[in-house]
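Please look over the model shown here. A short report on its fold is wanted, with the cut-offs behind each term.

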Amino acid sequence: MDASREPSGSSAAGGEGRTAPPLRWSVVVFWLVLVTVVLAVIGVFLDRETRLAPFLVVLPALIAGRGSVRQTAVASAWVTVMIAGALFDTAEDTIGAATATVVFAVVFNGLSVARAAQRVHSEREIARLRSAAAALQRQLLRPFPLMTDQLIVHGLYQPVEEDSRVGGDVYEVVASPYGSRVFIADVQGKGLPAISAAFSVLSAFREAAIAEPTLTAVVDALEDAVLRHNSFAAQAGESERFVTALVLGIGSDTEVQAINCGHVPPLLLHGDRDGPVLKGEPCVPLGLDALSPEPRTVEWFSFPRGSTLLLCTDGVTEARDPSGTFYPLEERAAAWGDVRPGDLPATVHRDLRRHAAGTQGDDTALMVLRRRPVGEVD
């Protein structure tokens, strides 16, 4: 999946780097000049010019925390020259102290440059690892749009490129002998182990969607896959995980089968019939079937031609604005009935970013399902 594409009916762009932006040179120069002038003015009023100059030595250390190696080196050179100049006209009995001050400044500034170099190297390594984790997620998933005989599916996928928060959102559409099988899921937890669990359940769906004649058999295969993964995880000392999932079976008629395993329910966009289409209670998530006294059952709903079905993960519904309010998906969806299905992912993405003030705390996956017109061929 191309990590550079924006979510306009196809795969979303990869998340931006999460490292702090570097300091601008104008900021570095401003603070160097400002602090130097302030200390000089204070020294004049106190008649202690040479005593205050050594305080400049803290500037390179501060710049090393955010600036580049070159900026830290320039700041170090500036400070060393200023301190040496301020101590140049020194009485003979204090030459030793002045020399020691300059030597200390040189050593301390050298350490600041080394610290900046170490920080920059660490940030590059972390960014590389984050990008690799997000790239791994994208390689598990096929790019949008996805097509079968019955469906055209647009969507977006926006992973969080942060090692500790990268999640396990997955999706798939499979053309089977029994119609189109649609799958969207979210693995509990974060980090690379969540991606491992996501790969297990996604692989199981791709196989079971073609092999199993009933939707309940497909979900049973997914349950077994999660249990097997948890067994291997326990042997490796890792935490067991459950997976929320929504599995749909869509044939040539307007009735759709659905099994909701604790996932965000689908929304229908169709004039005055907008809103959730599943009326029953969700089943337990994958991996927790042993805790439920009742087996998972299929629920049917109508998916008329000309309507749009919206599926997503909780990265959409649980996105918060600065005040902590969740994203009102159902409320916003009521205004999207006239948006072309191919444009809807980008519309949702922009609105979601506005709501969350540009921040992203979780992976985001969104699928927009549209029935293919009768007689249309690839």
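The report below goes from the overall content to a helix pair, a sheet and a loop.

This is a predicted model, in which local features need pLDDT of at least 70, side-chain atom pairs count only at pLDDT 80 or more, and totals for chains, interfaces and linings use all residues. Residues are numbered from 1 along each chain as its sequence is written, and side-chain values use heavy atoms, with hydrogens and water left out.

**Overall content**

The protein has ten helices and eleven strands. Helices (H or I, at least four residues) and strands (E, at least two) are DSSP runs, numbered from the N terminus. Of the 378 residues, 46% count as buried, meaning under 20% relative accessible area with a 1.4 Å probe and protein chains only. Contact means heavy atoms within 4.5 Å. Among contacts with a separation of 6 or more, 72% come from residues 24 or more positions apart.

**Helix pair**

Two packed helices are described by the angle between their axes and the distance between the axes. The axes of α6 and α7 come within 9 Å and cross at roughly 150°. Axes are lines fitted to C-alpha atoms, for helices over the stretch in contact, and angles run from 0 to 180 degrees between N-to-C directions. The two helices are therefore roughly antiparallel, a label for angles over 145 degrees. The table lists the residues in contact.

| Helix | Residue range | Contact residues |
|---|---|---|
| α6 | residues 192-211 | P193, S196, A197, S200, V201, A204, F205, A208, A209 |
| α7 | residues 215-235 | V218, A221, L222, A225, V226, H229 |

By class, the contact of α6 with α7 holds twelve nonpolar, three polar and no charged residues. Here Ala, Val, Leu, Ile, Met, Phe, Trp, Tyr, Cys and Pro are nonpolar, Asp, Glu, Lys and Arg are charged, and the others, Gly among them, are polar.

**Sheet**

Six strands form an open sheet, ordered β1-β2-β11-β10-β7-β8, with antiparallel pairing. Two strands pair if DSSP finds at least two bridges between them. The edge strands, β1 (146-147) and β8 (275-276), each pair on one side only. Two bridges join β7 (residues 267-269) to β8. L268 stands opposite G275 in β8.

**Around β1**

P145 lies in the loop between α5 (95-140) and β1. A cis peptide bond joins F144 and P145, with omega about 0°. Most peptide bonds are trans.

T148 is in the loop between β1 and β2 (151-158). Is T148 buried or exposed? T148 counts as buried, because its relative accessibility is 5%. Leaving aside neighbours within four places in sequence, T148 contacts V173, V174, A175, S180 and R372.

Conventions:
Parallel < 35°, antiparallel > 145°, perpendicular 65-115°, else oblique. Buried < 20%, exposed > 50% of the residue type's maximum accessible area, 1.4 Å probe, protein only.
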